[in-house]
Amino acid sequence: MDILTTGEKIKRARIQKDMTLKDLCGKEISVSKLSTIENSKVQAEEWILKLIAKRLNLDVEYLKKDMVQEITDELKSLDSKRASGTYEEEVRDLILIANQNGLYSQAFMARLQLIDYFMAKNKTEQLTVEISNLYKTLIRVMNKETLYLYIYTMAKYLIYTREYYNAAVYLQNLMDHFNELPESMTNDLKLQIPYMLMQCYVYTRQYERASKYAANVKALMDKTDSKVILGEIHLLFYILSTTGKLESDAASDYSKVNKYLEDYPEQLATAKFILAINMIESGKSREGYRELEKAAEIFPKDKLGESTELLMSAMEIFAENRLYDEADKYIDMLVNSAIENGDTDYMQKAYYYKGMLLGRKGKYDQAETYMSVSLDLLMKKGRSRELSERYKDLGKIYYQMGNKQEAVKYLSMSVSSL
């Protein structure tokens with residue numbers, strides 16, 4: 001990828017035409033002057049650029065475009081080519097060029113674009129690294145515009161990782177300074193802020209707070225043509241209406257969730273997981289179970305790792321309410337999801353639930369295996385109360401197996417670990 005300064009463009013074209021500095025200068029420009037232009041030590045005046053463009057048979061506007069504009073234009077061009085297999089590599093090349101030339105504002109904007117790409121492609125590992133790089137770049141170009149863009153991006157990232165409480169803090173900051181947001185944040189982008197804030201408050205069950213942004217979110221509905229966003233907004237409205245915090249047609253909202261997300265199985269399954277949990281918690285267990293079954297059928301099996309938190313939420317509800325038959329339908333899906341996700345905390349909980357359910361079926365040998373793996377993972381975390389509970393559960397398994405010595409050992413460890 002060639003991103004050149006004005007001077008580099010002149011020098012390259014001159015060499016390609018086999019011209020010396022003196023040849024290009026003629027009588028109008030001094031050799032020393034052109035040398036400093038080619039080496040980007042000074043900027044060329046308008047008349048010099050016109051003369052050079054004529055002699056090199058170049059477009060003067062091409063010469064006028066400096067490296068800042070070149071990188072900006074290239075980023076815009078690449079933004080429409082995200083499906084390209086070379087997209088990530090080309091953006092990284094732009095970041096490298098920008099950094100090499102001290103153009104840290106352009107590097108910052110390129111990193112924002114790369115982060116959006118990683119979120120869209122669910123490249124979590126690369127995303128985590130790039131978020132860290134974004135902060136390092138921000139330190140070099142800190143101003144009101146870059147700071148607000150950073151806060152906005154961090155909020156999106158925290159929603160992506162389902163850290164809704166932390167995301168809400170960032171988004172509330174943006175809402176508090178809504179009228180101060182820079183022009184580079186378009187009106188469409190600004191309307192995403194109350195929408196994301198409503199998401200955070202709904203998913204953390206702060207329904208009263210969430211309802212305060214209904215008018216702002218309705219404005220986004222009138223502007224956007226994204227079916228995914230429309231479907232997710234109707235999901236939020238459905239939940240708020242069923243909790244009595246928003247006057248909305250719940251039946252219509254439910255229907256529109258299915259309508260707008262029907263071509264997006266991953267988003268539809270996620271919506272149904274959220275609906276199921278909401279219904280079960282509000283006492284509509286039968287309806288919730290139906291939604292959960294639909295979600296499990298729809299969710300793409302090659303992306304199970306992205307459903308772990310939702311599955312875990314459902315499993316915790318089942319366990320808390322002793323709904324073991326329902327829990328048993330999804331336990332293998334949860335275990336596989338946790339393994340694919342790779343989060344050790346999810347894995348130890350999934351193994352624990354698997355062991356608990358096997359124990360209820362009298363399959364104590366298998367239950368002991370899963371409980372032991374869960375315990376090993378939990379010990380690395382060093383959480384005493386949870387360890388105590390695991391020791392107690394494993395002690396019960398050994399007692400049911402008839403191994404009283406091991407049962408006493410683990411029950412004793414349960415007491416001493418507190």
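In the predicted model, helix α10 (residues 144–160) packs against helix α11 (residues 164–176), with axes that come within 8 Å and cross at roughly 155°. Angles over 145 degrees count as roughly antiparallel. The two helices, α10 and α11, are therefore roughly antiparallel to each other. Their crossing is left-handed.

By class, twelve residues of the contact of α10 with α11 are nonpolar and two are polar. No charged residue takes part.

The chain as a whole is built with 24 helices and zero strands. Its radius of gyration is 29 Å. The globule rule gives 22 Å for 418 residues, and the value for the chain is well over that, so the chain is more spread out than a compact globule. Along the principal axes, the C-alpha trace spans about 105 × 55 × 35 Å.

Burial and contact order were also computed for the chain. Of its 418 residues, 48% count as buried. Contacts between residues at least 6 apart in sequence were then divided by separation. Of these, 57% join residues at least 24 apart.

Conventions: Residues are numbered from 1 along each chain as its sequence is written. This is a predicted model: local features need pLDDT of at least 70, side-chain atom pairs count only at pLDDT 80 or more; totals for chains, interfaces and linings use all residues. Side-chain values use heavy atoms; hydrogens and water are left out. Axes are lines fitted to C-alpha atoms, for helices over the stretch in contact, and angles run from 0 to 180 degrees between N-to-C directions. Helices (H or I, at least four residues) and strands (E, at least two) are DSSP runs, numbered from the N terminus. Angles under 35 degrees count as roughly parallel, over 145 as roughly antiparallel, 65 to 115 as roughly perpendicular and the rest as oblique. A crossing is left-handed if the near helix is turned anticlockwise from the far one by less than a right angle, and right-handed if clockwise. Ala, Val, Leu, Ile, Met, Phe, Trp, Tyr, Cys and Pro count as nonpolar, Asp, Glu, Lys and Arg as charged, and the others, Gly among them, as polar. The radius of gyration is taken over C-alpha atoms; the globule rule is 2.2 Å times the number of residues to the power 0.38. Buried means under 20% relative accessible area, exposed over 50%, partly exposed in between (1.4 Å probe, protein chains only). Contact means heavy atoms within 4.5 Å.
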